[in-house]
Amino acid sequence: MTGKLFDVPRRALAGLCALLALAGVIMLSAMADSTMQPLPASAPDGEFSAERALRHLERFATEPRPIGSRAGERARDYLAGQLRAAGLDVRVQRAVGANTSAGLASFGQVDNIVATAKGSDPTGTVVLAAHYDSAAMGPGASDDAAAVAAMLETVRALKGTALRNDLVLLMSDGEEDGVLGAEAFVREHPLGRAGGVLLNWEARGVSGPSLMFQTSRNNAGLVETFASAVPHPRGDSTLGELYRLLPNNTDFTPMAESGFTGMNFAYIEGSSRYHTADDSLAHLDRGSLQHHGSNMLALTRALGGADLGALAADHDLTYFRIFGTMVTYPNALVWPLAGLAAAAVAGLAALARRRRLLSLPRLALAAVSGVVPLLLAAALAQGLWEVLVAWRPAYDGMGGLLHRPQAFQAAVVVLAALALLCWYLPLRRRLGPAALAVGALAWPAALGLLCAQVAPGMSYVLTLPALFCALGGTAAVLLRGTARQAAAFQVTAVTLGAVMAAALLPALARTAFDGMGLALGGVPALVLAVFGLTVLPIVELCLPERRQSLVPLAAAGLAVLLVPIGLARDGFDPAHPLRTHLAYVMDADTRTASWVSADPEPPAWTRRYVSGHDTTPLPPGYARGTSLWAGRAPAAPGAAEPRVTVLGRDGDTVRLHVTTGRAARSVTLRVERPIAAATAAADGMTPVSVDVTGVRANTWPGEVRFRGLPGTGAEISLRVPGADRFRLTAVAETDGLQRVPGFVPRPKGVVAATREDGDLVAVTRTYEIGAR
């Protein structure tokens, strides 16, 4: 029994029509997920205007604003002044923020702007949050100045509106260095400890719709408010589940962990400019700014007037958009829907077996073998990335977030199709098209059940395609041979069954491309392969009667052809710049200096400074990585130097006073032994202690950073278990390389890489910390 689910005359025409219908669904879904048109400054006073918000950006978002910088201070003063002028009570919280990761303790002096407006009859507090600092490499017009400007425009649009609930605007500092401002806010500020409903705003690109990509647990009331109040809601519960699997965090993370409920928003397209000099006003999509602000204003009005206590829930909602409509349902339905999808697939299998279209052994083999195209598609996509990096090493520093990746993304789509064909065609005659089509649906159904257990908000994207495709297949089998027009009904039934898959799965793959890039191209390839498994009956219609082996050969040829097309199209130029990493390091003990680059293959400009891999002149503990490029450099007179004074020792704990002599923005301490805890204190601020686990990779195992170091320095305590004596290298870090003699700025078309130790003048001094 190796039959087909159905067969029709003029198979090729029927298959083409079905494919065109599904292509239309995919395009319609993409169009429905677009952003908004920006409103001019002449828009009504009660509406959000991107042009009005842009005027604020022109005042504070034209230069980098890293924590502790003069530009950061100017931005702080401007923003606080604007909020005061709007009638809010504004305070600046100065504190030490802290964060940890493997082997690393990060501290920083933060200046959080906290503005409040009392409600008329409060049931709680609504908190709008965004960070006003930027990465050191660029002005951060999108990340996160756009959200900060949107807060100012939202306050203006609310003028004259009496909100029921208290409103807090938190413009945090130090987010880019480990959410330091948000951590200090929830740890020390009374409003941070009080909790409330949080709306946090971010960006991981320079364009695209404002996506609601994360919520707190038990989000039912919040999601319903979002779906009903926001004029153009975008986002789905899959994003939240995926985000939990990633190592990223935002200010939302420490605030949610401290008890805030809420939602997190970001736009993520144009991510090749993220954390670079091109995150600028010139590249900011005004429609994205409009979408951010329109959502912010609508939610502030809705939540500001709501009974916040009534939003409390004991469950989450699954939510997603399809054809422009937001669909929500409680997660209590996740398991029933997943079970229904599995039952529908089993029912289709039983019906096909009864009609003698397949045998159970062949069905079992088909289902088990269905893992092959999934794994093969992911492997081919990851292999493509390795080829691209080998051919163009500069891609490695972009993390897969390329300027013009469309040809490469198309290659991933073709590779997913190739993986599907390489599995389907050899087994087609042996197992039969019906067994393969039904067995393939077992994978989205089974994965939907798995997600129902571990990631309920993601289950729908697998469960619903499996359910509808199984129902479409069942209708096609039942209609088999019942009437002369059965063929048209069968094709229509299968095509309609695949509409849900076409609406959901390619959209998820597109989001994965935007958020993860080609470096993790295996993820969208896997999603596309699942989509391929759901449309096998249509694939069968499109296959030629003879020489079917030519189809995968054509797919392979197309994938190969797309690579040089992509390389030619995605060249670097002033509008699409190349990234390169360069740092200057001088050992204050020996007065020797070096240029350092972590580029795999430094471009011509960087080769002016580095010439080989001899890193022996570098100070002890400075080097990070095993393949650094280095070159001799002149001494930089007058550069800020670190000074470390041992204040005392108590067992394994050493107390140090650290200064940088002059106006270095930050200091880093690298320790040749692992550290277990660290404490930092600065004048007038509460000391902060953190535990440290693990070790730093490719450098000395322990590290402490203090960003925004005050002029008087900081007191830092380290617990170094079992070390009577150890070396410590202090690194004073000053932004910009212009002060180094002979430095020539980057030409147009070349920008600083996103590595955090780039474009720094780093002056080191190594200390021997003795026994107690």
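## A charge over a ring

A charge is said to sit over a ring if NZ of Lys or CZ of Arg is within 6 Å of the ring centre and within 35 degrees of the ring normal. In this structure R670 lies over the face of Y622, at 5.5 Å from the ring centre.

The structure is a predicted model, in which local features need pLDDT of at least 70 and side-chain atom pairs count only at pLDDT 80 or more, while totals for chains, interfaces and linings use all residues. Residues are numbered from 1 along each chain as its sequence is written, and side-chain values use heavy atoms, with hydrogens and water left out.

## Aromatic pairs

Rings of Phe, Tyr and Trp (its six-membered ring) pair if their centres lie within 6.5 Å, and planes under 30 degrees apart count as stacked, over 60 as edge-to-face and the rest as tilted. By this rule there are 15 aromatic pairs. W201 and F265 are stacked, because their ring centres are 4.2 Å apart and their planes stand at 10°. This pair links distant parts of the chain, since W201 belongs to strand 5 (residues 197–203) and F265 to strand 7 (residues 261–267), 64 residues apart; strands (E, at least two residues) and helices (H or I, at least four) are DSSP runs, numbered from the N terminus.

F265 also forms a tilted pair with F226, with 5.9 Å from centre to centre and 55° between the planes. Because F226 lies in helix 7 (residues 220–229) and F265 in strand 7, the pair ties together parts that are 39 residues apart in sequence. Elsewhere, Y584, W595, W605, Y609 and F743 form one aromatic cluster.
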